[in-house]
Amino acid sequence: MAKSLYKILNVNENASADEIKKAYRKLARQYHPDVNKSPEAEEKFKEINGAYEILSDSQKKAEYDQYGDAMFNGQNFSDFSRSYGQADLNDILNSIFGERGGFNRSRGGGFSFFSNFGQNMNNDIDLDIEANIDIPLKTALLGGTIRVHLNHTSFDLKIPAGIMNGAKMRAKGKGRKLSSMVGDAFITIKIKPQEGFHIDGCNIIQEVQVPLRYMLFGGKFEVTAIQKQIAVKIPENMQNGQKLRVKDMGFKDIKNKKNGDLILHITAKLPDVKKISPQLQELLQKELEV
């Protein structure tokens, strides 16, 4: 027994109610005339909605499972609906199912095939979208506004200071549109890699080269951090690869509301030996033998 309604929704005859609903939602998004401007979209959408109206109702589905496409004069549902041209498909289907008590009439006496469409779409169509955007490390730490190009539109997204990698933001009304309905955009923040910087949880690790003079004799050295210039005290006889910690210059921990730290990974910047006087070169070779 032919049962074309299942083929229209791309499900088998043993599909569960959830599987039927999922298939309908996918196809309705694809073929709704407000989304799909192809000439055949409107006709295809009517077929999809009709199939779902029948197969999503246990009584209607049971009746269709019993009779199959014999209810449509032996035609598949697509050919059946097209064969009536501009005639009111609601009235035609009502004459078929109404005699068996299958479909409910609307208050005006018409068939509910299209009158329930808005309700079905509100319940079953997911208009939200998900996306990723890349932002600079400086914007993540200090906040700012990013221009986002998404879903065939552009808008400004305000980035809060201290947002962490992988955080999600919601842009209301920036999802898909369907008639008078509109969804939201859920945007995952990705921080762009920046040379010389690494993110470690709430901490930021910055690679810093310090002239050999400071490594040997110590002193205050200016470091250009993301947020600002800072003066760092280099201890005497600092070893290559040691780290210095600057408090509260990392990301804010959303759990305890405390800021992470800036960790400076210090390496020595060696001088160009050709620029050192011969006398000093000779002295260094003697002194650095130890």
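Predicted model: local features only at pLDDT ≥ 70, side-chain atom pairs only at ≥ 80, totals over all residues.
Okay, housekeeping. Local features need pLDDT of at least 70 and side-chain atom pairs count only at pLDDT 80 or more, while totals for chains, interfaces and linings use all residues. Residues are numbered from 1 along each chain as its sequence is written, and side-chain values use heavy atoms, with hydrogens and water left out.

Let's start with helix α2, residues 17-31. Helices here are DSSP runs of H or I, at least four residues, and strands are runs of E, at least two, both numbered from the N terminus. The expected span is 1.5 Å times one less than the number of residues. For the 15 residues of α2 that gives 21 Å, and the end C-alpha atoms are 21 Å apart, so the two agree.

Which residues of α2 are buried? They are I20, A23, Y24, L27, A28 and Y31, where buried means under 20% relative accessible area, exposed over 50% and partly exposed in between, with a 1.4 Å probe and protein chains only. They cover an arc of only 130° around the axis, so they sit on the same side of α2; that arc is taken from the directions from the helix axis to the C-beta atoms. An α-helix has 3.6 residues a turn, so residues three or four places apart point the same way. On the face turned away from the buried side, α2 carries the exposed D18, K22 and K26.

Now, rings. Rings of Phe, Tyr and Trp (its six-membered ring) pair if their centres lie within 6.5 Å; planes under 30 degrees apart are stacked, over 60 edge-to-face, and the rest tilted. That rule gives 3 aromatic pairs. One of them is Y6 with Y64: centres 6.3 Å apart and planes at 40°, so it's tilted. Y6 is in α1 (residues 4-8) and Y64 in α4 (residues 58-67), so the pair ties together parts 58 residues apart in sequence. Y6 and Y64 are both buried.

Then there's Y24 with Y52, whose centres are 3.9 Å apart with planes at 5°, so that pair is stacked. Y24 belongs to α2 and Y52 to α3 (residues 41-55), so this one ties together parts 28 residues apart in sequence.

Last bit: the sheet. It's open, with 3 strands in the order β1-β7-β4 and mixed pairing, where strands pair if DSSP finds at least two bridges between them. The edge strands, each pairing on one side only, are β1 (129-135) and β4 (168-171). β1 runs parallel to β7 (residues 185-191) over 7 bridges, and I133 stands opposite I189 in β7.
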